[in-house]
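I am opening my notebook on a new structure. I will look things up one by one and write down what I find.

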Amino acid sequence: MLTQTVAGRVYDYSRTVGGRYIPYPVGIAVGEGDDAYVLSRPADTVSGVPWNKTAVGAKVTRITIGGESGDEEFVCEFSGYGDRDGELIWPAGIALDSQENVYVTDEWLNRVSAFDKEGNFLGLWGVAGNGDGEFNRPSGIAIDRQDVLYISDSLNNRIQKFTKDGAFLGKWGALGNGEGELSSPWGIDVDDQGNVYVADHKNNRAQKFTSDGEFVAEYGSHGSSRGQLNRPSDVAVDPEGDVYVCDWANDRVQAFQADGKFITSFIGDAQQLAKWHQLTVDANVDVIKARRRVYSLEPEWRFAMPTAVVFDAKKQRLLVADTQRGRLQIYDKVKDYLEPQFNL
């Protein structure tokens, strides 16, 4: 369904952006104007092989998205596969500070790397371990309005807080499935009030905390039905308090109200190829013929293990990293939508 009208909200499918510049996207950060930073993970590490110098990806790509399909433009890309300063092995999360500097977590190297918006390397910090400020597979990262960093320290089953320079500020969480406990937390987001939202991956839920780690609310339960989750990988919140959970193993994104009530699901609606994908198809006659022979292209429209989700508050749109298909799918949250039979 390209336009969903549900619970007083309207979500309108916009378009897809993807192709050669953003292979295996696993993270998205929204910058000023139409800028977006897309984090790609090497193809080989998606299937679990971390150390292969032929791996494709491990980079940040800066693009502009624009307002219409086909407006997207490549700006630059930076970093690369490796373990030297400014390089990445298993990049997992990406976030921007107030100066639009870019911070990337690396699960394999157990560190955070920082770059400016042009891709110049600024520094790194982090070591492996379970002490304060140490990491065991850091994944999601979010930055609040005061430039405090929140990082999902996944295999230590906790959230840690840092300054931009990596100074340790605090932590919370422990292995378990009770309120406030975590099991391999992954994606993370912060709302305008400083509340922290965590995709609690192996507990098949998302949780909301205060900035000091006090439990506030829970979203979802294990399963594949409406409002249920299977290995959620990311979470985002919009200015109205609606929560979006990337339901990784169910190939969808689930939306919840602030109180945890289920709103709707997004399953992917990419009926038209992205501009860069279309260029690739048009360049190969055999691919064109093969696409005409299939019974239906509908499976191609849908998400395939989407990994990341972000809400662009300035543009009022939801961006989903459709990882296995090498693209972003975009939904607009439309205000003042008028269609009388649905607005009664």
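Where is the place of N204? I find N204 in the loop between β16 (196-200) and β17. I keep in mind that this is a predicted model.

**Entry 1: backbone angles**

I looked up phi for N204. The value is near 55 degrees, and it is positive in a residue other than glycine. Most residues other than glycine have a negative phi. I also checked the accessibility of N204. Its relative accessible area is 5%, so I note N204 as buried, the limit being under 20%.

Next I turned to E100. Phi of E100 is near 65 degrees, again a positive value in a residue other than glycine. I located E100 in the loop between β7 and β8. Is E100 buried or exposed? E100 has 7% relative accessibility, so it counts as buried.

I asked how many residues of β8 (residues 102-106) are buried. I read 5 of the 5, so β8 is largely enclosed by the rest of the structure. Then I checked which way the residues point. V102, V104 and D106 point one way. Y103 and T105 point the other way. All of these are buried.

I looked up the pairing next. Strand β7 (residues 91-96) pairs with β8 in the antiparallel sense, over 4 bridges. Which residue of β8 is the bridge partner of A95? I found Y103. The hairpin of β7 and β8 has 5 residues between the strands, and E100 with its positive phi belongs to this hairpin.

I then followed β8 to strand β9 (residues 111-115). These two strands also pair in the antiparallel sense, over 5 bridges. V102 stands opposite F115 in β9. β8 and β9 form a hairpin too, with 4 residues between them. In that turn I noted N110, whose positive phi is about 55 degrees.

**Entry 2: salt bridges**

How many salt bridges does a search of the whole structure find? I wrote down 29. I picked some to look at by pair.

K59 is buried, with a relative accessible area of 12%. E77 has 42% relative accessibility, so it counts as partly exposed.

I went on to R62 and E118. Their salt bridge has its closest N and O atoms 3.5 Å apart. R62 lies in strand β5, and E118 lies in the loop between β9 and β10 (121-125), so the pair ties together parts that are 56 residues apart in sequence. R62 counts as buried at 9% relative accessibility. E118 is partly exposed, with a relative accessible area of 48%.

Then I took E218 and R205. Their side chains meet in a salt bridge at 3.1 Å, N to O. E218 lies in strand β18 (residues 215-219) and R205 in strand β17 (residues 205-209), so this pair ties together parts that are 13 residues apart in sequence. E218 is partly exposed at 35% relative accessibility. R205 is buried at 5%.

I also noted one network. Salt bridges that share partners join R9, D238, E240, D242, K333 and K335.

**Entry 3: cysteines**

I looked for disulfides. The count comes to 0. I checked C76 and found it buried, at 16% relative accessibility. C246 is buried as well, at 0%.

**Entry 4: the largest pocket**

How much space lies in the largest pocket? I noted about 1200 Å³. The lining has 50 residues, and the closest to the pocket centre are V30, I143, D189, V190 and F311. I listed the elements that give two or more residues to the lining: β3 (25-30), β7, β11 (138-143), β15 (185-190), β21 (234-237) and β25 (308-312).

Definitions and conventions
Residues numbered from 1 in each chain as written. Predicted model: local features only at pLDDT ≥ 70, side-chain atom pairs only at ≥ 80, totals over all residues. Heavy atoms only, no water. Buried < 20%, exposed > 50% of the residue type's maximum accessible area, 1.4 Å probe, protein only. Pairing = 2+ DSSP bridges. Salt bridge = Lys/Arg side-chain N within 4 Å of Asp/Glu carboxyl O. Disulfide = S-S within 2.5 Å. 1 Å grid on protein atoms, 1.4 Å probe; cavity = no way out; pocket = protein on both sides within 12 Å on 5 of 7 lines; lining within 4 Å. Points joined across faces, edges and corners; volume = space filled by probe spheres on them.
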